[in-house]
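Colleague: I am new to reading protein structures. Could you walk me through one, feature by feature?

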Amino acid sequence: MNAATAGSGIELKIDVPFGAKVPAVVLDTAEERPAPQQAALAEILADFSEDVAGITPDSPDATRIWEQARLRADERYRILFGDDAFNALTMKAAVEALQEKDSTSAKTGP
């Protein structure tokens, strides 16, 4: 598991299962947002963190729990901040997850 820290100036440390995508809200790095948007981001992050609390690398349900929580957080982010912002961050999350898988498979070989 790798640690992820949320953007937007909100501190949240979570363990990310190997190869998993993080929700868009974690990658949102907008520095300045109106207070209501900051509050919405903080609420989405807090709910996501609560949903994935207690996941351990050896948990058989880790991937399922993570994905369910990520999908909920992503849907809320998309509704609040729009498709363009959501799609850009989702692509970034997918690229990061793929790079992690590729770097690990390159180290271990075929």
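Modeller: Let us begin with a word we shall need: a residue is called buried when its relative accessible area is under 20%. Keep in mind that this is a predicted model. Take Val26, which lies in helix α1. Its relative accessibility is 5%, so Val26 counts as buried.

Colleague: What share of the residues in the protein is buried?

Modeller: The protein has 110 residues, and buried ones make up 35% of them.

Colleague: Now the overall layout. How many helices and strands are there in the protein?

Modeller: Helices and strands are numbered from the N terminus. Here you will find 4 helices and 2 strands.

Colleague: Which residues have the most contacts inside the largest nonpolar core?

Modeller: A nonpolar core is a set of buried residues such as Val, Leu and Phe, joined through side-chain atoms within 4.5 Å. In this model the largest one has 23 residues, and those with the most contacts inside it are Val22, Val25, Val26, Phe48, Val52, Trp66 and Tyr77. At least two residues of this core come from each of β2 (13–16), α1 (24–27), α2 (35–52), α3 (62–81) and α4. The largest share, 6 residues, is supplied by α3.

Colleague: Phe48 is on that list. Which residues does Phe48 touch, not counting those up to four places away in sequence?

Modeller: With those set aside, Phe48 touches Ile14, Pro23, Trp66, Ala69, Arg70 and Ala73.

Colleague: How are α2 and α3 placed, roughly parallel or roughly antiparallel to each other?

Modeller: For this we compare the N-to-C directions of the axes, and an angle over 145 degrees counts as roughly antiparallel. Helices α2 and α3 pack at about 170°, and their axes are 9 Å apart. The two helices are therefore roughly antiparallel. Among the residues that make the contact are Ile44, Asp47 and Phe48 of α2, together with Trp66, Ala69 and Tyr77 of α3. By class, the contact has 12 nonpolar, 1 polar and 6 charged residues.

Colleague: Asp47 sits in helix α2. Why does Asp47 count as partly exposed?

Modeller: The partly exposed class lies between the buried limit of 20% and the exposed limit of 50%. Asp47 has 29% relative accessibility, so Asp47 falls in that class. Look across to Ala69 as well: Asp47 and Ala69 are 22 residues apart along the chain, and their C-alpha atoms are separated by 8.5 Å.

Colleague: How far apart in space are Val26 and Asp74?

Modeller: From C-alpha to C-alpha they are 9.7 Å apart, while in sequence they are 48 residues apart. Asp74 belongs to helix α3. Its relative accessibility of 4% is why Asp74 counts as buried. Leaving out residues up to four places away in sequence, Asp74 touches Pro23, Ala24 and Phe86.

Colleague: What percentage of contacts between residues at least 6 apart in sequence join residues at least 24 apart?

Modeller: For the protein as a whole, that figure is 56%.

Conventions
Residues numbered from 1 in each chain as written. Predicted model: local features only at pLDDT ≥ 70, side-chain atom pairs only at ≥ 80, totals over all residues. Heavy atoms only, no water. Buried < 20%, exposed > 50% of the residue type's maximum accessible area, 1.4 Å probe, protein only. Contact = heavy atoms within 4.5 Å. Axes fitted to C-alpha atoms, helices over the stretch in contact; angles between N-to-C directions. Parallel < 35°, antiparallel > 145°, perpendicular 65-115°, else oblique. Nonpolar A, V, L, I, M, F, W, Y, C, P; charged D, E, K, R; others polar.
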